Structures are given as structure tokens and as C-alpha cells.
Amino acid sequence: MGANEKHRLRILAVEDNPDDAERVVLHLRRAFSVEYKRVEKASDFREAMTEDVWDVILCDYNLPDFNAFKALEIAQSHDENLPFIVVSGTIGESEAIALMDGGARDFVRKDNLSRLIPCIRRELRARDIWFRHLEAGKKLATSERRFRAFIEHTPTPIHLKDISGRYMIANRPFLSRF
């Protein structure tokens, strides 16, 4: 990505007010190339979660059909690592804390969107790190399977001990010597 190129950001906006959604998206376009879908009903939210891949969910607290707690529950049932950020003008501190205790990554007040861009950048970095760790874990598991297969199928007696002298690995040719 070039120096002037903006990171693409796919947002699922759970918001009943189209003007508020547009205001948030307009703010985010300062830093990102934004694609978004706005939903306001629980059924539409469930459908959007299954039909597309999102980078972040931005959710209002109060909606006519459901609220941020129910949206968070739905989101986590689909992808518990998808950043879920509450963007609201009506949320109280205790509700925000309860949502974050439940898995929301942050909350931003609609009258103070200046925190939103850094918040999303932080969450995108965290998700990227999580994916890299997941990939490294898969590569390590593959390497471990190859190593064990090599040890098990080698006709030469092989064993490994830990620093205290306990056997960690021993193949059949090694064990057959005893």
C-alpha cells in the first residue's frame, strides 16, 4: 500500500439513524477507504454477518428492534474476534462497562468521534497480530506432525531427553532395544 493510499475498511454499521451512520462514515473516510452496510434490525444484522466479511462492527446502543447487548451476542456467535465498537450518544458509563465486560472492544460517543479512528486502528492491528499468531500456530503444528512422522518412520533408533534426563520422544527402533 502506497504512502497516500488509505487502508480499506469494511464496516457493518448497526444504526437506526441513517444521518448518524453517514456522519460516522464521513469521519472515517479521513483515514480509511470505507465500504459499509447499515442495518437496524436483528434479522438484517444476522443476515449481514453471514453473507459478508467485515473488518469492524460499529453499533449504536439503542435500536428499535434490539440493543447493543443483543447485537454483541449475535456478533460473537459468528466471530468472537471481530472488533465490536459501540458508537452511541445515549450510552451511560455502566452500560458501556457492561458491554466491554461482555466483549465489546470499546465505546465512542457520537459527539466525540475523534477517538474512533485510533480505536479502529488499534483493533485492526490487534486482529492482524491475532491472525499472524494463528498462522504461526498452524505452521508449528504442521512442523510438529512432520517431525513426529519422521521420527516414527525412521528405522534408526532415535530418542530425545529433556534437561533432567526424562525421555520426551523415542521411536520403535529405540524402544525395541530394551
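This is a predicted model: local features need pLDDT of at least 70, side-chain atom pairs count only at pLDDT 80 or more; totals for chains, interfaces and linings use all residues.

Trainee: How many cavities of 30 Å³ or more are found in the whole structure?

Mentor: The search finds two of them. About 100 Å³ of space lies in the largest cavity.

Trainee: Which residues are closest to the centre of the largest cavity?

Mentor: They are Ala13, Glu15, Ala21, Val24 and Leu58, out of 14 residues that line the largest cavity. Strand E1 (7-14), helix H1 (18-28) and strand E3 (56-59) are the elements that each give two or more residues to that lining.

Trainee: Which element gives the largest share of that lining?

Mentor: H1 does, with five residues in the lining of the largest cavity. By type, the lining of the largest cavity consists of 10 nonpolar residues and four charged ones, with no polar residues.

Trainee: And what is the volume of the second largest cavity?

Mentor: Its volume is about 40 Å³. Among the residues lining the second largest cavity are Leu72, Ala75, Phe84 and Arg105. Helix H3 (residues 68-78) supplies the largest share of this lining, namely three residues. Here the division is four nonpolar, two polar and three charged residues.

Trainee: How does one find such empty space in general?

Mentor: One rolls a probe the size of a water molecule over the atoms, and this shows where empty space is left.

Trainee: Let us change topic. How many salt bridges does the count come to?

Mentor: The count comes to 19 salt bridges. In one of them, the side chains of Glu15 and Lys110 meet, with 2.9 Å from N to O.

Trainee: Which parts does that pair tie together?

Mentor: Glu15 lies in the loop between E1 and H1, while Lys110 lies in the loop between strand E5 (106-109) and H5, so the pair ties together parts that are 95 residues apart in sequence.

Trainee: Is Glu15 buried or exposed?

Mentor: Glu15 is buried, because its relative accessible area is 6% and the cut-off for buried is under 20%. Lys110 is buried as well, with a relative accessible area of 11%.

Trainee: What about Arg38: which residue does it form a salt bridge with?

Mentor: Arg38 pairs with Glu40, and their closest N and O atoms are 2.8 Å apart. Arg38 counts as partly exposed at 30% relative accessibility, and Glu40 counts as partly exposed at 28%.

Trainee: Where in the structure are Asp128 and Arg132, and what separates them?

Mentor: Both are in helix H5, and because they are four residues apart, about one helical turn separates them. Asp128 is partly exposed, with a relative accessible area of 39%, whereas Arg132 is exposed, at 51%. Elsewhere, salt bridges that share partners join Glu15, Asp20, Arg23, Asp60 and Lys110 into one network.

Trainee: Now the surface. Which residues form a nonpolar patch there?

Mentor: Trp130, Phe131 and Leu134 form it, and together they have about 270 Å² of accessible area. Phe131 lies in helix H5 (residues 116-153) and is partly exposed, with a relative accessible area of 41%.

Conventions: Residues are numbered from 1 along each chain as its sequence is written. Side-chain values use heavy atoms; hydrogens and water are left out. Patches are made of residues with over 30% relative accessible area and no salt bridge: like charges are joined within 9 Å, nonpolar side chains (Val, Leu, Ile, Met, Phe, Trp, Tyr) within 5 Å. Accessible areas come from the Shrake-Rupley method with a 1.4 Å probe; for residues, only the protein chains shown count as cover. A salt bridge is a side-chain nitrogen of Lys or Arg within 4 Å of a carboxyl oxygen of Asp or Glu. Buried means under 20% relative accessible area, exposed over 50%, partly exposed in between (1.4 Å probe, protein chains only). On a 1 Å grid over the protein atoms alone, a cavity is a set of points where a 1.4 Å probe fits but cannot get out, and a pocket is an open set with protein on both sides within 12 Å along at least five of seven lines; lining residues have an atom within 4 Å of a point. Grid points are joined across faces, edges and corners, and a volume is the space filled by probe spheres set on the points. Ala, Val, Leu, Ile, Met, Phe, Trp, Tyr, Cys and Pro count as nonpolar, Asp, Glu, Lys and Arg as charged, and the others, Gly among them, as polar.
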